[in-house]
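Here are my notes on the model you sent. Please read them with the structure open.

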Number of protein chains: 2
Amino acid sequence: MRDVAVIGVGMNRWGELWEKSHRRIWTEAALEAIADAGVDHVDALYVGCMSGGLFMGQEHLGALLADQLGMGPIPGTRVESACASGGLAFRQAYLAVASGEHDIVLASGLEKMTDVDGGAATYALSTAADQEYECYHGITFPGLYAMMARVHMHRYGTTREQLARVAVKNHANGLLNPLAQFQSRITVEDVVRSVLVADPLRVLDCSPITDGAAAVILAALPQKGSKREPVKVAASAAATDTIALHDREDIAWLRSTDVAAAKAYAQAGITPEDLSFCEVHDCFTIAEVMVIEALGLTGRGKGGEAAASGMTALGGRVPVNPSGGLKSKGHPVGATGIAQVREAVLQLRGESEGRQVEGARWGLTQNMGGTGASSVVHIFTRA
Amino acid sequence: MRDVAVIGVGMNRWGELWEKSHRRIWTEAALEAIADAGVDHVDALYVGCMSGGLFMGQEHLGALLADQLGMGPIPGTRVESACASGGLAFRQAYLAVASGEHDIVLASGLEKMTDVDGGAATYALSTAADQEYECYHGITFPGLYAMMARVHMHRYGTTREQLARVAVKNHANGLLNPLAQFQSRITVEDVVRSVLVADPLRVLDCSPITDGAAAVILAALPQKGSKREPVKVAASAAATDTIALHDREDIAWLRSTDVAAAKAYAQAGITPEDLSFCEVHDCFTIAEVMVIEALGLTGRGKGGEAAASGMTALGGRVPVNPSGGLKSKGHPVGATGIAQVREAVLQLRGESEGRQVEGARWGLTQNMGGTGASSVVHIFTRA
């Protein structure tokens, strides 16, 4: 396979974008990525979107967006893996370039979630879980993650305050990201006093409902005369776990992230100790805690201490979610995995103003669907 | 890129499968393909599904089905391109093997469409068109294809009877396919006297709403000691057109099929004259007429004569839809592209009992989304 790099990135301000259609949101991000890369065309596009049907009443986004970009008849492919749709779309784009099938590919993600009411959004998100065996009985995602949190707290002594520290850290980082949905400092007290959603998770433990898109341009290495410093895709891996929580041997362990990360480290030839930073899937505070364990950043059961100790803060041993993460940056589900790649690229280029990880050399992105039924891990480094 | 072959196929009887869940339907097809190939595992799976959200209330099918197969933690990827979802999923699976990333991959398609009422099914299907610029004004797919038919009839003299002949031919073929949804002979008179849907299209011009799945196994060539004769993927190509009909220069011409087919012929090193048979996207009778023109089987505007003259019948110059096509076999939208590949493989193995194209050497599959906003073309030959 050919070596592949990201040569351009684009993203708009995320939030409740009432005044913009999904195609407008996506096209802004895509055109920015194309301009950033300095290319005049792409050979194909991929788009991660979780539920075009339920959120927007629009499937067939690959074709629609190729048309919208004015670049038809290029192939347009939509990839879906719930909240890991963006990461998995990036992976298919990577394979398309690595294989030699295409030379320049746009990988993107999109979700417009606020055009339906809250109940409909909760239903749409619940289609990432096992509808027949989980949701039919009334549970939704906060409840599923709350059960994971309960087990983690019971078994490992993870505390309510430790969970809150994840949200506090990610909001602090989001303050430094002009594109983040929430740009507000919060305290541990704010989190633990916020509205209860599913005990022990409160509303400030949860990532929000968001409209947004992100896009990146992939190309084969070596890139001669490229406008931006190429950032190499050093590893790409995906894995799955049981879709239903009740089928797992251990609901406090993210097997899909563990398996995908192990493959990715082997492919890149590095260990977790080599990482300069990570962008991970903190859909709930407990998710970040469990993800960093599965990535090997801390020992099993030790993830709760990480945010509280400052290890994962900017300036800590391995900053996690310098972008603000899903918690603060927002979580337009299909776009999240691509925005993680954008942050990794900016960090490795040294362009993450205000939140730059000094001397960043290796960055990892981890994007996850459902309660971890799917995970996608990528590792990046300077080309 | 490595050469890739299909080494196993599976499909269940299609129809209104009230007694089976979507996961059961899919798993039957997947296990049959695995058994047919004689493999004991797959490295990854792809599934084409158009609207898991609107038809089944279930997204995240890649992970769910890997789990259902008992083969987690393998990566599971859902691909969507409306009614071309199956064909595009096959293409991503092909790239995954051709690139060297995976050695044995399951490509599949699934749609369970009958668990919602007719209005909801029509709405779900309409998300393949441009919701904001087409469907908002009240049009659905029969209306869109009816407009294409009107132009074709006006400009080229295509007749009502010629359209009917497509349905008659495909029903005759479906009678020979034990897995087809409709196994009934129809006449031209039956078609032209059937209920009007969108003038000039009548109900017997339209493919049905169907539950069904199909699966195939891809592997790198050469395959040593494989159970079945491998069938080589000689070409894979995808292309797009404007999603809205009103944006096209010519609504009686399928640009996406034309572009994808031209690439595929070049890749395979053949011309349309070399084809032994084709499986094409006859979602409406006019679609088959226009597709065979775009594939170069007939001159522009000459597609209407093809079925009427017997050219595309079994025993004709180039049989089209020996399986019965979407019209008779059924059209569970995400599964259609994979069922086309299955038919091509059976034909090239010489195993299409009762409907075998004698001496079949080259077979083409063409799968299409919307009114042709996306098309995927594959060419197969004996390895």
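This is a predicted model: local features need pLDDT of at least 70, side-chain atom pairs count only at pLDDT 80 or more; totals for chains, interfaces and linings use all residues.

1. Extent of the interface. Chain A and chain B bury about 4400 Å² between them, and carbon and sulfur atoms give 49% of that area. On the contact count, 60 residues of chain A meet 60 residues of chain B.

2. Polar and charged pairs. Between chain A and chain B there are 34 residue pairs in polar contact, both partners being at pLDDT 80 or more. The side of chain A that touches chain B draws at least two residues from each of α1 (22–37), α2 (52–56), α3 (61–68), β3 (76–80), α4 (85–98), β8 (231–240) and α9 (255–268) of chain A. Sorted by class, this side of chain A has 26 nonpolar, 22 polar and 12 charged residues. The interface also holds 8 salt bridges.

3. β3(A) pairs with strand β3 (residues 76–80) of chain B in the antiparallel sense, over 3 bridges. Within this pairing, A:Arg78 stands opposite B:Glu80 in β3(B). A:Arg78 and B:Glu80 also form a salt bridge, with 3.1 Å between the closest N and O atoms.

4. Symmetry. Chain A is superposed on chain B by a rotation of 180 degrees with 0.0 Å of shift along its axis, at an RMSD of 0.0 Å. The two copies are therefore related as by a two-fold rotation axis. Of the interface residues of chain A, 100% are also interface residues in chain B, so the copies meet through the same surface.

5. A salt bridge within chain A. Over all chains the structure holds 52 salt bridges. One of them joins the side chains of A:Arg255 and A:Asp241, at 3.3 Å from N to O. Because A:Arg255 lies in helix α9 of chain A and A:Asp241 in the loop between β8 and α9, the pair ties together parts that are 14 residues apart in sequence.

6. Backbone points to check in chain B. B:Gly72 and B:Pro73 are joined by a cis peptide bond, with omega about 10 degrees; B:Pro73 lies in the loop between α3 (61–68) and β3 of chain B. A cis peptide bond also joins B:Asp199 and B:Pro200, again with omega about 10 degrees, and B:Pro200 lies in the loop between β5 (196–198) and β6 (201–202) of chain B. B:His60, a residue other than glycine, has a positive phi near 65 degrees. B:His60 is in the loop between α2 (52–56) and α3 of chain B.

Notes. Residues are numbered from 1 along each chain as its sequence is written. Chains are lettered from A and ligands numbered from 1 in the order in which they are written. Side-chain values use heavy atoms; hydrogens and water are left out. Contact means heavy atoms within 4.5 Å. Buried area is the accessible area (1.4 Å probe) that two parts lose on being put together, summed over both. A salt bridge is a side-chain nitrogen of Lys or Arg within 4 Å of a carboxyl oxygen of Asp or Glu. A polar contact is a pair of N or O atoms within 3.5 Å; within protein, one must be able to donate a hydrogen and the other to accept it, and residues adjacent in sequence count only if both atoms are side-chain atoms. Helices (H or I, at least four residues) and strands (E, at least two) are DSSP runs, numbered from the N terminus. Ala, Val, Leu, Ile, Met, Phe, Trp, Tyr, Cys and Pro count as nonpolar, Asp, Glu, Lys and Arg as charged, and the others, Gly among them, as polar. Two strands pair if DSSP finds at least two bridges between them. Copies are superposed by least squares on the C-alpha atoms of residues with pLDDT of at least 70 in both.
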